[in-house]
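Dear colleague,

I am passing on the structure below, and after it I set out what was found there. Please read it with the model open beside you.

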Amino acid sequence: MRIIISPAKKMNVDTDSFACRGLPALLNKTEQLYGRMRGMSFQELKTLWKCNDQIAQLNAGRLLDMDLRRNLTPAILAYQGIQYRYMAPGVFTEEELEYVEEHLRILSGFYGVLRPFDGVTPYRLEMQAKLSVGKAVDLYEFWGAGIAENILAETGCIVNLASKEYSQCVLRHLPEKTRFIVCIFGQKVGGKIIEKGTQCKMVRGEMVRYMAQYQVQEPEDIAFPQRIPAKMFTRLSGSQEGESA
């Protein structure tokens, strides 16, 4: 079983807390993206990133100084969004850290797929960004089946805690017999399930922490209702074979 999650826009540099254990598996593809972005003007980058001048200047500066192989931060500590704050990997036990290193995979527009202790550097590139690279018209085409193949080389069962923007880069390329378990966190309003972005991010982070704490090995072993905020619920459903879990 592998758990997939989204990255976060806000990133941190921490070269002291934990040592990196390796480089991203698809770093050769990252180098292509890096070269493409280095050749873009400031205005082109700002349009790509859809951000204000201050954020664009920060990330353009990062591109100029970027080193993909040295002075890196473990991926699990590099992202600083809501999901990661509620996951709280900085206070994981050694056993919990080993669990996420084996089971957790972070999807990324820039790196493709990351193990928690892969070394990364701050960047800005969302998976849905309109960046053409060579013959690829966008990042979904650029990464193709590579992300899914990397994960499926390790498992035939994926627990999806990623957003639609990121999960579709895996879902599009799944073989028929792969189990793809979708976790839905929402509220029932007028007979419909409503998912609220901030609350979903909070609960996704807490669910990763819960699974690490209890060393969950199979989707059927996830018993998570006590972690859900008031008025929310979780549902695990779906797979390539039409099962439910």
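The structure, a predicted model, holds eight aromatic pairs, where rings of Phe, Tyr and Trp (its six-membered ring) pair if their centres lie within 6.5 Å, and planes under 30 degrees apart count as stacked, over 60 as edge-to-face and the rest as tilted. The rings of Phe18 and Phe117 are edge-to-face, because their planes stand at 70 degrees, with centres 5.9 Å apart. These two residues lie 99 apart in the chain, Phe18 in the loop between strand S1 (2-5) and H1, and Phe117 in the loop between strand S4 (112-114) and strand S5 (119-120) (helices, H or I of at least four residues, and strands, E of at least two, are DSSP runs numbered from the N terminus). Phe117 is buried at 3% relative accessibility (buried means under 20% relative accessible area, exposed over 50%, partly exposed in between, with a 1.4 Å probe and protein chains only), and the charged end of Arg21 sits over its ring, 4.1 Å from the centre (NZ of Lys or CZ of Arg within 6 Å of the ring centre and within 35 degrees of the ring normal).

Ring pairs also link Tyr79, Tyr84, Phe110, Tyr111 and Tyr123 into a cluster, in which Phe110 is buried at 1% relative accessibility and Tyr123 at 7%.

Residues are numbered from 1 along each chain as its sequence is written.

Methods
Predicted model: local features only at pLDDT ≥ 70, side-chain atom pairs only at ≥ 80, totals over all residues. Heavy atoms only, no water.
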